[in-house]
Amino acid sequence: MVSNTEWIDLTDDRIRSIREIPARQAEFVDAFPLTGFAQNALHAIGIEKLYSHQAGAIEAARRGENVVTVTGTASGKSICYHVPVLESLADGKNTAIYLFPTKALAQDQLRSVKRLLETDPVRAKSIVSGTYDGDTSQHARRKLRTHGNLILTNPDMLHAGILPNHPGWARFFENLRYVVVDEIHAYRGIFGSNVGNVFRRLRRIAAHYGASPQFLCSSATIANPAELAERILGEPVTVIDQDGSPRGPKRFLLWNPPKFDPNSSERKSANIEAKNLMVQFVLQGIPTIVFARSRITAELIYRYAREDLLMKHKKLASKIAVYRGGYLPKDRREIERRLFEGDLLGVTSTNALELGIDVGSLGVSILVGFPGTIASTWQQAGRAGRTEEESMSILITYNDPIDQYLARHPAYFFDQTPENAIVDSENPYILARHLACAAHELPIEESEDGELFGANMAPVLDAMEEHEKVMRLKDKWYWSSTDYPAAEVSLRNMADATYTITEIFPNGQERERTIGTVDAISAPELLYPEAIYLHDGETYFVRELDLDQRVAYVERREVDYYTQAIVESTIRLGKGIAEAEVPDGKKMLAQATVSWMTVAFKKIQFQNMDSIGWGKLDLPSQELETVAMGLHVEGRIVGRLADESLRISEGLAGLRNLLLVVAPLFAMCDRSNLGGVVESSNTGVPTLFLYDRYPFGLGYSEKCFHILDEILEACLELVGDCPCDDGCPSCVGMPRQPVLHHDPDTALGIPMPDKRATKRLLEMLGEGSSAPASSAVPATAPAAPASATSGVAPDPGEDRGDTE
């Protein structure tokens, strides 16, 4: 392949910065001892020597330690767990379970396992492996349950389908040797806290059958891999983080689309810039992946690129594809196969391909807009350069404040370190749900299980006994309900229900066919009547959205525009829980209803993004019953700010952003688990609300209410220590909660709040401490019923769509 200096004109004015990432030589371990089966399998797929991190991980596994391997993309992390597992399965007796956050990853690693097993057909016959998830047939499930040695699944299926039915898996659990947890960095916030309890239940079931499995984990680069793994597993881990794999040289470019003219505040389309670059690379035969922040953006860039290639090189138009959540499993598997086999030269994707699916050897990764975290940025960039050859990554900035700050301050971007991942498996709200599941699976013992589930176990069980969910006899708690609790607990911060997208044919000459699915929360934002739904780059007109049957009926129609939903949201306070005074104001904790509805839509012309019309909609609202903390100030502080020509609304807006960064560190949750808004309709004055983005709350806002002084002090320290002049992503400007289904190219984004107003507001609030809270009702948030699993919007940054 030619040098990447020839792929693109590096003197282009749109390139704001170039970071050269040097090549790295491989660090091998010679003469590493392997059993015959594992050694022959590796040799057969071309692996003659192990990288140093692979050898280190295998040695730690052999010592009986739990291991988390933290190395770069395409560093051979899977070998770190494949080898110990294959060695243990060689006798045909031991069993192992592989856990992945998505079904696509499970399918990808099943292919890897089968390649290794095919090298020894005789031994392979004694190892029964397969995926066990929502796509698995009943016949295959019975076979795996009865004879399986190696099961590949996800935490959701383990939680709801395997652990509650453990008697049928007795043989498997008796012989369970290894539990592999791939992409453990994906388990953070509510999801990770839930998964941590699932693993505690797994360890408990395994112990019941006389087994004590080891955990072998892999992770992308994050700030705290050991802490995260130990919090999730509930056991110590050995971290292997010295990457011994080779890496080719990489150029990372920051690319800023030009302004329409020097006096304009508008810039040319980032989507069109991405399309032009993608086409340019594909025409050169350079495999390219484009990451988009929303599904519609991935579809648009693919459509534009395909149209371009049809004019410039028709055969290459069939060598690109689009990949995102909402496609049917068979369609996703086909795209994955074509990527792996090198049949595709280009793909546009949401972050659904960010995780470690083997996408073959790619030369270029293009990121359209800052992904939201440094960890995600490097994970997406790392999808190119999976060999020792040269590669290139390009971050194309949108015309919004955060992206433009990065374009103006490239050193800030390149010098940032990946973020911490936070979980809290002992959160009493989350723990209660899983103790219900655990009691249903086996009686809970006070001493042994108390060590497993932590200090909150006994008081939570006592509360559950008052609600007649469990019954205590001597030192054990027994499940006393007829409910099936695992079916009522969702591990993820998203709605469980899905809508089917059905293509209809008005002429009646063809039968209806299902072309995709969408979650219940997203359906009214994507598939409202008269919407244009983009699927595989084609335009479909939505004839009807059947809310009762959860079906959207669409018909193929060629139009020159797409549509964007206009969504209105509100927060309404309910029953008060507690309140207290702050300097010149009040803080409050209350039940709250967050509602949102699609009220209208815009028609936007392809390519030029002109708005060519709009329409009204009459759809029911969606609601999230939760708990919110409110903070408002008036009187003296408002006047003092005005005297300094500062506005309270700007100060609260900046404080909102700071709280969404700082509060999760105190509440032990992920940023996506909290929502925030500044509005006046509930109190008559500008008020900052922080709420749990989960039905009935999980105690995050409640904790923030009780330690608000401490959190505000940390916010003041953060904004005071930040060296910027007017605000930046490290202080008042970062948190944004993009709508998953909107095209960022059509909006300018939310302006950067006033840093000075925020800092002065925090200083004034710190001049006096909060008074003790007075409870309107007992100062604890209402416990969520076990069945509260839906009604919360998915994390706006996620597009897995392939989890069940």
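Residues are called buried under 20% relative accessible area, exposed over 50% and partly exposed in between, as judged with a 1.4 Å probe and the protein chains only. The model is predicted, so local features need pLDDT of at least 70 and side-chain atom pairs count only at pLDDT 80 or more, while totals for chains, interfaces and linings use all residues. Residues are numbered from 1 along each chain as its sequence is written, and side-chain values use heavy atoms, with hydrogens and water left out.

A disulfide is a covalent bond between the sulfur atoms of two cysteines, and here the term is applied to a pair of cysteine sulfur atoms within 2.5 Å. The search of the whole structure finds zero disulfides. Cys669 is in no disulfide, and its nearest cysteine sulfur, in Cys704, lies 6.9 Å away. With a relative accessibility of 1%, Cys669 counts as buried. Cys731 is also buried, at 2% relative accessibility. Its closest cysteine sulfur is that of Cys724, at 3.7 Å, which is too far for a bond.

Val732 is found in the loop between helix 24 and helix 25 (755-765); helices (H or I, at least four residues) and strands (E, at least two) are DSSP runs numbered from the N terminus. At 0% relative accessibility, Val732 is buried.

What gathers on the surface? A patch of negative charge brings together Asp709, Glu710, Glu713, Glu717 and Asp721. Patches are made of residues with over 30% relative accessible area and no salt bridge, like charges being joined within 9 Å and nonpolar side chains (Val, Leu, Ile, Met, Phe, Trp, Tyr) within 5 Å. Among the members, Glu710 belongs to helix 24 (residues 708-721) and is partly exposed, with a relative accessible area of 44%. A nonpolar surface patch of about 260 Å² is made by Met471, Leu473 and Tyr478, with areas taken from the Shrake-Rupley method and a 1.4 Å probe, only the protein chains shown counting as cover for residues. Leu473 sits in strand 18 (residues 470-473) and is partly exposed, at 45% relative accessibility.

Charged pairs complete the picture. Side chains of opposite charge can pair when their charged atoms come close. Taking a salt bridge as a side-chain nitrogen of Lys or Arg within 4 Å of a carboxyl oxygen of Asp or Glu, the count comes to 44. One of these joins Arg63 and Glu65, at 2.8 Å from N to O; Arg63 is exposed at 52% relative accessible area, and Glu65 is partly exposed at 23%.

Another salt bridge pairs Arg203 with Glu235, at 3.3 Å from N to O. This pair links distant parts of the chain, 32 residues apart: Arg203 is in helix 9 (residues 189-208), and Glu235 is in the loop between helix 10 (225-233) and strand 10 (238-240). Arg203 is buried, with a relative accessible area of 18%, whereas Glu235 is partly exposed, with 21%.

Asp483 and Lys469 also meet in a salt bridge, at 3.1 Å from N to O. Asp483 lies in the loop between strand 19 (476-479) and strand 20 (498-503) and Lys469 in the loop between helix 19 (457-466) and strand 18, so the pair ties together parts 14 residues apart in sequence. Finally, a network of salt bridges links Arg303, Arg306, Glu307, Glu538, Arg556 and Glu558.

Definitions and conventions
Lys and Arg count as positive and Asp and Glu as negative; His and the chain ends are not counted. The place of a charge is taken as NZ of Lys, CZ of Arg, CG of Asp or CD of Glu.
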